[in-house]
Amino acid sequence: MEPRLDTQTGYLLVKLGALAGARFDGVLAPLGLRGRHVRVIEEMRGASHSQQELCQATGLDRTTMVAVLDDLEQRGYARRSRSTADRRKHVVTLTGAGERAFKEAAQVLAEAQEAFLAPLSAEERDQLHDLVERLRITTG
């Protein structure tokens with residue numbers, strides 16, 4: 001008999017990631033944001049980036065990035081303009097409203113993470129973080 005998928009660590013990680021993503025998107029919804037918005041805003045903090053640079057940094061494809069930036073620009077969180085160095089490129093800059101939205105999102109995400117990890121002790125949380133970070137570094 002073949003082993004069940006739900007007994008394999010990789011499958012459990014995929015399921016856990018989906019659960020965490022849905023929970024985090026749920027707490028961001030009242031702010032009009034999703035996880036991908038916050039990921040892009042975080043990358044934009046402190047510097048202007050081209051849309052291509054943001055795609056590379058966040059792992060989002062071009063079509064999704066355009067949609068995310070459209071959303072952020074519509075909310076007044078980001079501004080797109082032509083690059084002064086290369087007129088073929090657009091650069092994206094975070095606005096003050098975008099910075100404030102990021103800080104609010106970071107707070108609700110921290111609270112959601114606390115609730116999500118509540119079944120684990122502090123030591124278990126640290127261990128989980130260290131293991132996941134090691135896998136991310138060595139496989140990413």
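**Core, sheet and salt bridges of the predicted model**

Apart from neighbours within four places in sequence, Met-44 is in contact (heavy atoms within 4.5 Å) with His-49, Leu-54, Leu-69, Ala-78, Val-92, Thr-93 and Leu-94. The structure is a predicted model, in which local features need pLDDT of at least 70 and side-chain atom pairs count only at pLDDT 80 or more, while totals for chains, interfaces and linings use all residues. Residues are numbered from 1 along each chain as its sequence is written, and side-chain values use heavy atoms, with hydrogens and water left out.

Met-44 also belongs to the largest nonpolar core, which has 21 residues. A nonpolar core is a set of buried Ala, Val, Leu, Ile, Met, Phe, Trp, Tyr and Cys residues joined through side-chain atoms within 4.5 Å. Buried means under 20% relative accessible area, exposed means over 50%, and partly exposed lies in between (1.4 Å probe, protein chains only). The members that touch the most others are Leu-33, Val-40, Met-44, Leu-54, Met-65, Leu-69 and Leu-72. Two or more residues of this core come from each of helix H2 (35-44), helix H3 (51-58), helix H4 (62-74), strand E3 and helix H5 (96-116). Helices (H or I, at least four residues) and strands (E, at least two) are DSSP runs, numbered from the N terminus.

In H2, the buried residues are His-37, Val-38, Val-40, Ile-41 and Met-44. These residues cover an arc of only 165° around the axis, and therefore lie on the same side of H2; the arc is that of the directions from the helix axis to the C-beta atoms. An α-helix has 3.6 residues a turn, so residues three or four places apart point the same way. Gly-46 follows H2 and has a positive phi, near 90°.

The three strands form an open, antiparallel sheet in the order E1-E3-E2. Two strands pair if DSSP finds at least two bridges between them. Strands E1 (49-50) and E2 (78-82) stand at the edges with a single partner strand each, so one side of each has no neighbour in the sheet. E2 and strand E3 (residues 90-94) run antiparallel and are joined by five bridges. Within this pairing, Arg-79 stands opposite Thr-93 in E3.

Six salt bridges are counted, a salt bridge being a side-chain nitrogen of Lys or Arg within 4 Å of a carboxyl oxygen of Asp or Glu. Asp-70 forms one with Arg-80, and the closest N and O atoms are 2.3 Å apart. Asp-70 lies in helix H4 and Arg-80 in strand E2, so this pair ties together parts ten residues apart in sequence. Asp-70 is partly exposed, at 37% relative accessibility, whereas Arg-80 is buried, with a relative accessible area of 19%. A network of salt bridges links Asp-70, Glu-73 and Arg-80.

Another salt bridge joins Arg-125 to Glu-114, with the closest N and O atoms 2.9 Å apart. This pair links distant parts of the chain, as Arg-125 is in helix H6 and Glu-114 is in helix H5, eleven residues apart. Glu-114 is partly exposed, with a relative accessible area of 46%. The side chains of Asp-25 and Arg-34 also meet in a salt bridge (3.4 Å, N to O). Asp-25 is partly exposed at a relative accessible area of 22%, and Arg-34 is partly exposed at 39%.

Helix H6 (residues 122-139) also contains Asp-130, which is partly exposed at 48% relative accessibility. Asp-130 and His-90 are 40 residues apart in sequence and 37 Å apart in space, C-alpha to C-alpha.
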